Amino acid sequence: MKPTAVGRVVATHVWPAGVEVPQPRDVLDLDWGGPVGDRHHGTTMRSDSRQRPTFERGTEIWNARQVSLVDAAEQDEIAAELGIAKLAPGVIADNICTAGIPGLTALPPLTRLVFASTAVLLVGGENAPCTIAGSMVAARYGTDPEAFPKAAIHRRGITAWVEHPGTVQAGDVIEVFTPRG
């Protein structure tokens, strides 16, 4: 089967607990819980407002938000909307910034992202923009934190979970396989 698209990794980051901003990594280690050292690492998580009304807040559920991915082209669109020159990788807590994957945010759930290292991620869906990321952008660029969610709607990237562990680093090729249907 041929990939739907082929892109590449631009940058990788982890956001450790207790640290204010995401930290760049030369190599992103992905195990069954996601990026090692990231605050979202784990096979399970506590439900929040995104899972209502299915689960009461705080219910332990499968962690389909292990990894956050954004695409550089979509970040450029967000930056233009916010009136800033560039939105740097990692600023909105993305673990992986990509290039060359048209419409990354619109990829359907269960799309497979196959990395050169043999790491494989399964897409959970669109990552809804929030004021947490808005505050991170505001701290770095002086924008209004409330402006980010509106500027980033349908451009904030995706969340995914690890289907096969491996490593990811800048320059790696990513093959995109959308589900048949």
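Tutor: About 210 Å³ of space lies in the second largest pocket. The model is predicted: local features need pLDDT of at least 70, side-chain atom pairs count only at pLDDT 80 or more, and totals for chains, interfaces and linings use all residues. Residues are numbered from 1 along each chain as its sequence is written, and side-chain values use heavy atoms, without hydrogens and water.

Student: Which residues line the second largest pocket?

Tutor: H13, E20, V21, P22, P24, P89, G90, V91, M136, A139 and R140. Lining residues have an atom within 4 Å of a point of the pocket, an open set on a 1 Å grid where a 1.4 Å probe fits, with protein on both sides within 12 Å along at least five of seven lines.

Student: How do its lining residues divide?

Tutor: Into 7 nonpolar, 2 polar and 2 charged. Asp, Glu, Lys and Arg count as charged, so E20 and R140 fall in that class.

Student: What does the largest pocket hold?

Tutor: About 390 Å³ of space. Of its 24 lining residues, W15, H40, R50, R65 and R156 are closest to the centre.

Student: Why does E74 have no salt bridge?

Tutor: The nearest side chain of opposite charge, R155, is 7.5 Å away.

Student: What does E74 touch?

Tutor: Contacts (heavy atoms within 4.5 Å) include H154, R155 and G157, not counting residues up to four places away in sequence.

Definitions and conventions: Buried means under 20% relative accessible area, exposed over 50%, partly exposed in between (1.4 Å probe, protein chains only). Lys and Arg count as positive and Asp and Glu as negative; His and the chain ends are not counted. A salt bridge is a side-chain nitrogen of Lys or Arg within 4 Å of a carboxyl oxygen of Asp or Glu. Grid points are joined across faces, edges and corners, and a volume is the space filled by probe spheres set on the points.
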